[in-house]
Amino acid sequence: MKKEQGITLIALIVYIILMTFVVAGVTAITNSFYNNINELDKTSESAVSFAKFNMYFINDIKSENVQIVSSSSNQVQISFTNRNGENQTVKYSIQNKTLYRDKIKICDKVNDSNITVNNSTNTITVKLLINNYEKTTVYALEPEIL
């Protein structure tokens with residue numbers, strides 16, 4: 001009698017079940033990886049938006065003759081002398097979850113904000129929550145030397 005070699009139906013079903021488990025495991029790992037990458041991308045986008053705001057704001061408050069014209073919880077208006085020697089007034093405001101410098105949009109998706117001006121210590125405290133990325137920064141205005 002000839003010895004028959006091959007795959008039986010039971011072995012084939014076991015192989016298919018094992019391959020299904022392996023593919024399901026690889027799919028779960030891949031899905032988790034891409035979800036983490038997307039979350040990291042959102043966080044880095046928010047950090048970049050805050051860095052952009054920070055760049056503009058520091059440039060304005062470190063100019064000469066800086067004065068705070070007005071302030072509220074979602075807006076601050078700053079007057080200063082720009083590099084050309086001209087007096088300039090800039091307003092930072094938050095409207096409809098978007099942060100503006102005058103009429104230029106700096107960043108969007110601002111979920112919460114608070115701008116506090118302390119005239120006694122010459123500081124501005126800015127708290128921004130952009131896409132679950134919260135950052136609170138205290139900016140010190142340079143005292144005017146006479």
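Is Ile-13 buried, exposed or partly exposed? Select Ile-13: at 45% relative accessibility, Ile-13 counts as partly exposed (buried means under 20% relative accessible area, exposed over 50%, partly exposed in between, with a 1.4 Å probe and protein chains only). The model is predicted, so local features need pLDDT of at least 70 and side-chain atom pairs pLDDT 80 or more, while totals for chains, interfaces and linings use all residues. Residues are numbered from 1 along each chain as its sequence is written, and side-chain values use heavy atoms, without hydrogens and water.

Ile-13 lies in helix H1, residues 9-61 (helices are DSSP runs of H or I with at least four residues, strands runs of E with at least two, numbered from the N terminus).

Next, select Phe-33 and Tyr-34. These two form an edge-to-face aromatic pair, 5.4 Å centre to centre with 70° between the planes (rings of Phe, Tyr and Trp, its six-membered ring, pair if their centres lie within 6.5 Å; planes under 30 degrees apart are stacked, over 60 edge-to-face, the rest tilted). Phe-33 is partly exposed at 48%, and Tyr-34 is partly exposed at 48%.

Now go to Arg-101 and Asp-60, whose side chains meet in a salt bridge of 3.0 Å, N to O (a side-chain nitrogen of Lys or Arg within 4 Å of a carboxyl oxygen of Asp or Glu). Arg-101 lies in strand S4 (residues 98-101) and Asp-60 in helix H1, so the pair ties together parts 41 residues apart in sequence. Arg-101 is buried at 15%, and Asp-60 is buried at 2%.

Finally, select Lys-127 and Asp-112, a salt bridge of 3.5 Å, N to O.
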